[in-house]
Amino acid sequence: MYCASKFAVAGISEALAVELEPFGIQSMVVEPGVFRTDFLDASSLSTVAERIPAYDGTPAHATLDWAATANHTQLGDPVKGAALIYEVTCQDKLPGHLALGRDAIERRLVKIRSIQDDLVAWQDKSAATACDAAA
């Protein structure tokens, strides 16, 4: 649910950026990697997900395993991340997406490659679904 809600916010932000551009209003999606904060503390996580055996070997359990050991060892420095957000937002033109951290950059590159692979694999057949101009 956490990732799905982030994806929804990014989609809304992208749509708003296009709709509001004529009014001089910009929108930027900040996509942070893992930052060394208290996010994984028990004080931050109100409930801990129970392990469901059917999910063994899935990303859900891998994330639970990682979260159990990653607290306060995350790669990102929150002060540096905040400074970059400030620097970017002081510019005249905002990027549509701002990846923060090496891990965030790598995730975006993987996503871009996946989208490119999907497009290339079906590009010719997809383009062929257009109506003929003579029709």
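Colleague: Where is Glu 31 placed in this model?

Modeller: Glu 31 sits in strand 1 (residues 29-32). Helices (H or I, at least four residues) and strands (E, at least two) are DSSP runs, numbered from the N terminus. This is a predicted model, in which local features need pLDDT of at least 70, side-chain atom pairs count only at pLDDT 80 or more, and totals for chains, interfaces and linings use all residues. Residues are numbered from 1 along each chain as its sequence is written, and side-chain values use heavy atoms, with hydrogens and water left out.

Colleague: Is Glu 31 buried or exposed?

Modeller: Buried means under 20% relative accessible area, exposed over 50%, and partly exposed in between (1.4 Å probe, protein chains only). Glu 31 has a relative accessible area of 17%, so Glu 31 is buried. Strand 1 has Val 29 and Glu 31 on a covered face, with Val 30 and Pro 32 on an uncovered one.

Colleague: What does Glu 31 touch?

Modeller: Contact means heavy atoms within 4.5 Å. Not counting residues up to four places away in sequence, Glu 31 touches His 97, Leu 98, Ala 99, Leu 100, Ala 104 and Arg 108. With Arg 108 there is also a polar contact of 3.2 Å between the side chains. A polar contact is a pair of N or O atoms within 3.5 Å; within protein, one must be able to donate a hydrogen and the other to accept it, and residues adjacent in sequence count only if both atoms are side-chain atoms.

Colleague: How many bridges join strand 1 to strand 2?

Modeller: Two strands pair if DSSP finds at least two bridges between them. Here there are four, and strand 1 and strand 2 run parallel. For Pro 32, the bridge partner in strand 2 is Leu 100.

Colleague: Which residues does Asp 103 contact, leaving aside its neighbours within four places in sequence?

Modeller: Asp 103 is in contact with Gly 33 and Val 34. Asp 103 belongs to helix 4 (residues 102-127), and its relative accessibility of 17% counts as buried. Gly 33 is 70 residues from Asp 103 in sequence, yet their C-alpha atoms are 5.5 Å apart in space. As for Val 34, its backbone nitrogen is reached by the side chain of Asp 103 at 2.8 Å.

Colleague: How do I check the span of helix 3?

Modeller: The expected span of a helix is 1.5 Å times one less than its number of residues. For the twelve residues of helix 3 (residues 78-89) that should be 16 Å, and the end C-alpha atoms are 16 Å apart, which agrees. Asp 77 caps the N-terminal end of helix 3, with a side-chain oxygen 2.9 Å from the backbone nitrogen of Val 79.

Colleague: How many disulfides does the structure hold?

Modeller: A disulfide is a covalent bond between the sulfur atoms of two cysteines. The working test is a pair of cysteine sulfur atoms within 2.5 Å, and the structure holds zero disulfides. Cys 90 is partly exposed at 45% relative accessible area, whereas Cys 131 is exposed at 74%.

Colleague: What pattern does the protein follow along the sequence?

Modeller: The pattern reads α-β-α-α-β-α, made of four helices and two strands. Among contacts between residues at least 6 apart in sequence, 71% join residues at least 24 apart. Of the 135 residues, 16% count as buried.
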